[in-house]
Amino acid sequence: ICYTSFIKEMILILTGIITEYNPFHKGHEYHLSKAKSDTNADGIVCVMSGNFMQRGIPAIIDKWKRAEMAIKNGVDLVLELPLVYSISSAEHFAFGSVSLLNSLGVIDHLYFGSEEGNVSILEDIAKVLVSEPLNYKKLLKYNLDSGLPFHLSRANALKDYLNSNKLLDTISNSNNILGIEYIKSLIRLNSAIVPKTIKREGSLYNDVNISASFASATSIRKHLKEKSLNDLADIMPTASYDILLSLSSSNYPFIFEEDTFKYIKYKLLTNERSLLNLPDVSEGIDNKILKEIVRSNSLNELILNSKSKRYTYTRISRILLQSFLNLENFDLSSLSKSPAPYARVLAFNSTGQRILKSIKTNSSINLITKVPRNNQCDHLKIDILGTKAYSLLNPKISPMDDYLKGPFII
């Protein structure tokens with residue numbers, strides 16, 4: 001009888017997802033539902049970016065409220081992706097996320113959305129990028145020498161190496177790129193986690209129109225900026241909308257990328273050399289940014305005037321955010337290439353509680369529910385620094401909230 005009872009308590013199949021939930025919308029709800037059904041999952045573990053996003057922007061609402069949204073919409077356990085990875089390139093964002101899921105010792109599947117929808121095609125591309133055959137490396141060098149940015153050089157090299165013009169579309173779409181990076185990380189970690197993908201439906205990431213069946217996070221943020229909450233009632237899950245409505249009623253400020261501009265401008269005008277120690281800065285881009293900051297009146301204007309073929313809008317945005325966060329004081333290059341050293345718990349439900357027990361049994365990773373005040377590794381120091389910086393943008397957040405707030409539990 002005791003043995004039978006134990007078996008019933010076991011979590012048999014666990015699926016990991018990697019998200020930002022900025023904020024959680026119906027497309028995320030669909031993805032979550034399919035992750036459960038397509039992998040026959042008993043539980044969903046979500047690795048979620050904290051207060052800053054991979055495209056170099058602050059979160060619309062803080063990480064604790066977004067974790068609450070996730071749990072109320074059906075996620076079982078939310079773990080914070082350390083900030084080092086969450087504001088890095090797609091490669092390092094993926095590696096940090098996958099290394100965290102892999103280190104838990106309990107995840108069976110990684111489930112993600114992609115424009116391609118066929119995981120075997122993404123796996124073929126990932127294997128080439130990991131093994132880097134000689135002919136592929138020659139093609140990559142040829143494209144880089146012609147002056148193309150890395151992502152376009154890589155796309156052209158893959159197209160020619162795999163002899164498929166169709167690959168240009170595959171490796172040019174943002175969710176496919178992330179999916180390929182997820183699979184690359186699984187290969188490099190020799191992980192037993194099985195990747196699965198679903199074809200992305202609805203609006204594109206940058207679509208500002210909310211008429212589509214799955215409105216994008218960008219369109220939702222646009223309406224929040226315009227104080228058009230009523231327009232969101234029918235295109236967001238009820239739990240998400242109710243949280244946003246409650247926050248708005250309590251004068252909680254929604255945060256947007258332009259809110260960082262005055263801090264970035266002050267930083268660059270008073271500490272010009274701070275850009276030099278950031279890993280993404282080379283080829284004189286720091287001089288271009290410093291030249292444009294003097295005459296720019298908005299973040300968007302600064303980025304548009306600074307970007308080039310090699311330095312995309314998103315890459316410039318990440319550089320500026322890293323400067324805002326004072327990350328020039330850390331060895332970001334090394335930190336972003338090392339596996340996630342801990343699992344910070346942001347929220348869980350009763351199933352999530354059982355998953356945490358299973359992680360403790362099957363893994364040696366440091367599970368953090370209460371942030372220690374001493375003996376902090378650089379990854380954690382940066383997370384804490386991120387919350388302090390976010391509190392400048394959002395007065396409802398205390399600079400000490402990483403120490404004061406525990407996980408959201410239902």
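Is C377 buried, partly exposed or exposed? C377 is partly exposed, because its relative accessible area is 30%, where buried means under 20%, exposed over 50% and partly exposed in between (1.4 Å probe, protein chains only).

The model shown is predicted: local features need pLDDT of at least 70, side-chain atom pairs count only at pLDDT 80 or more, and totals for chains, interfaces and linings use all residues. Residues are numbered from 1 along each chain as its sequence is written, and side-chain values use heavy atoms, with hydrogens and water left out.

**Figure 1. Overview of the protein chain.**
The protein chain has 20 helices and 8 strands. Its radius of gyration is 21 Å, close to the 22 Å that the globule rule gives for 410 residues, so the chain is as compact as a globular protein of that length. The radius is taken over C-alpha atoms, and the globule rule is 2.2 Å times the number of residues to the power 0.38. Along its principal axes the C-alpha trace spans about 70 × 55 × 50 Å. Of the 410 residues, 54% are buried. Helices (H or I, at least four residues) and strands (E, at least two) are DSSP runs, numbered from the N terminus.

**Figure 2**
A disulfide is a covalent bond between the sulfur atoms of two cysteines. How many disulfides does a search of the whole structure find? The search finds 0, with a disulfide taken as a pair of cysteine sulfur atoms within 2.5 Å. C46 is buried, with a relative accessible area of 0%, whereas C377 has 30% and is partly exposed.

**Figure 2. The loop between β1 and α2.**
This loop, between β1 (14-19) and α2 (26-38), holds P23. The peptide bond from N22 to P23 is cis, with omega near 0 degrees. Y21 lies in the loop between β1 and α2 as well. Phi of Y21 is near 50 degrees, a positive value in a residue other than glycine. Y21 counts as buried because its relative accessibility is 1%.

**Figure 3. N251 in the loop between α12 and α13.**
N251 lies between α12 (238-249) and α13 (261-270). N251 is not a glycine, yet its phi is positive, at about 65 degrees. With a relative accessible area of 65%, N251 is exposed.

Ala, Val, Leu, Ile, Met, Phe, Trp, Tyr, Cys and Pro count as nonpolar, Asp, Glu, Lys and Arg as charged, and the others, Gly among them, as polar. At the N-terminal end, D62 caps α3, with a side-chain oxygen 2.9 Å from the backbone nitrogen of W64. Just after α3, G74 takes a positive phi of about 120 degrees.

**Figure 4. S120 in helix α6.**
S120 lies in α6 (residues 119-131). At 35% relative accessibility, S120 counts as partly exposed. Its side chain is joined to that of N118 by a polar contact of 2.6 Å. A polar contact is a pair of N or O atoms within 3.5 Å; within protein, one must be able to donate a hydrogen and the other to accept it, and residues adjacent in sequence count only if both atoms are side-chain atoms. S120 and P195 are 75 residues apart in sequence, and their C-alpha atoms are 9.5 Å apart in space.

**Figure 7**
The structure holds 2 cavities of 30 Å³ or more. On a 1 Å grid over the protein atoms alone, a cavity is a set of points where a 1.4 Å probe fits but cannot get out, and lining residues have an atom within 4 Å of a point. Grid points are joined across faces, edges and corners, and a volume is the space filled by probe spheres set on the points. The largest cavity has a volume of about 50 Å³. Its lining includes F52, K63, E80 and D383. Helix α19 gives the most to this lining, with 3 residues. The lining divides into 3 nonpolar, 5 polar and 3 charged residues.

**Figure 5. The second largest cavity.**
About 40 Å³ of space lies in this cavity. G56, E257, T260, I264, L299, S317, L320 and L321 line it. Helix α16 (residues 313-324) gives the largest share, 3 residues. The lining divides into 4 nonpolar, 3 polar and 1 charged.

Key. On a 1 Å grid over the protein atoms alone, a cavity is a set of points where a 1.4 Å probe fits but cannot get out, and a pocket is an open set with protein on both sides within 12 Å along at least five of seven lines; lining residues have an atom within 4 Å of a point.
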